[in-house]
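Take the helices in turn, then the space between them. Keep the sequence and the model side by side as you read.

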Amino acid sequence: MQKILRNKDTGNFIMRYFKSFCHAINGIFYAIKVEHNMIIILLAILVTTSAGIYFSIDKAEWLFCIMAFGAVSASELINTAIEASIDLVTTDIRPLAKIAKDTASSATLVLSITALVGAIIIFTPYIQNIL
């Protein structure tokens, strides 16, 4: 079986890790520039973080928020990668390409709804206390 070579970073292990980190940061910046949903996610993170600081939520609540931030953001990045990969293969309207894109975006939607429900559960008692 023939080994398939990928275009890998070169250099010592520290330089390879540094280059890999830079590639990952480039991916985040790409998603922020191109994907409007990433801006919405970042705004939700900012609002939730501000509310968490204002209401002094406890450690368990912060942990949920942080995990939700990471899960929703990562899901959107994976969705972006899937869409780009499909567009690399075909830009024609094809049923299987549509299914792949739609289900990938559905993953982000499910996580976003889950995060919203969690935020409602966490912040409703704090908001009721000030009303």
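Leaving aside its neighbours within four places in sequence, which residues is Tyr30 in contact with? They are Glu35 and Thr80, where contact means heavy atoms within 4.5 Å. This is a predicted model, in which local features need pLDDT of at least 70, side-chain atom pairs count only at pLDDT 80 or more, and totals for chains, interfaces and linings use all residues. Residues are numbered from 1 along each chain as its sequence is written, and side-chain values use heavy atoms, with hydrogens and water left out.

Start with helix 1. Helices here are DSSP runs (H or I, at least four residues), numbered from the N terminus. Tyr30 lies in helix 1. Its relative accessible area is 43%, so Tyr30 is partly exposed. The classes are buried under 20% relative accessible area, exposed over 50%, and partly exposed in between, with a 1.4 Å probe and protein chains only. Tyr30 and Thr80 are 50 residues apart in sequence, yet their C-alpha atoms are 9.5 Å apart in space. At the start of helix 1, Asn12 brings a side-chain oxygen to within 3.0 Å of the backbone nitrogen of Ile14. That is a polar contact: a pair of N or O atoms within 3.5 Å, where, within protein, one must be able to donate a hydrogen and the other to accept it, and residues adjacent in sequence count only if both atoms are side-chain atoms. Why does the span of helix 1 agree with its 22 residues? At 1.5 Å a residue they should span 32 Å, and the end C-alpha atoms are 31 Å apart. The expected span is 1.5 Å times one less than the number of residues.

Now move to the loop between helix 2 and helix 3, where Ser56 is found. Phi of Ser56 is near 50 degrees, a positive value in a residue other than glycine. Ser56 counts as exposed, because its relative accessibility is 57%. Asp58 then caps the N-terminal end of helix 3, with a side-chain oxygen 3.1 Å from the backbone nitrogen of Ala60.

Helix 3 has 31 residues. From first C-alpha to last it reaches 45 Å, close to the 45 Å expected. Its buried residues include Glu61, Glu76 and Asn79, along with Phe69 and Val72. The buried residues of helix 3 pack against helix 1, helix 2 and helix 4.

Is Ser73 buried or exposed? It is buried, because its relative accessible area is 13%. A polar atom of the Ser73 side chain lies 2.8 Å from the backbone oxygen of Phe69. An α-helix has 3.6 residues a turn, so residues three or four places apart point the same way. Beyond its neighbours within four places in sequence, Ser73 is in contact with Met38, Ile41 and Ile45. Ser73 and Leu42 are 31 residues apart in sequence and 8.3 Å apart in space, C-alpha to C-alpha.

Helix 4 comes next. Ser106 is found there. At 35% relative accessibility, Ser106 counts as partly exposed. Its side chain reaches the backbone oxygen of Asp102 at 2.8 Å. Ser106 and Glu76 are 30 residues apart in sequence and 9.9 Å apart in space, C-alpha to C-alpha. Ile121 also lies in helix 4. Ile121 is exposed, because its relative accessible area is 61%.

Finish with the space between. The largest pocket has a volume of about 490 Å³. A pocket is an open set of points on a 1 Å grid over the protein atoms alone, where a 1.4 Å probe fits, with protein on both sides within 12 Å along at least five of seven lines; lining residues have an atom within 4 Å of a point. The volume is the space filled by probe spheres set on the points, which are joined across faces, edges and corners. Of its 23 lining residues, the closest to the centre are Ala44, Val72, Ser112, Ala115 and Leu116. Helix 2, helix 3 and helix 4 each supply at least two residues of the lining. The lining divides into 16 nonpolar, 6 polar and 1 charged. Here Ala, Val, Leu, Ile, Met, Phe, Trp, Tyr, Cys and Pro count as nonpolar, Asp, Glu, Lys and Arg as charged, and the others, Gly among them, as polar.
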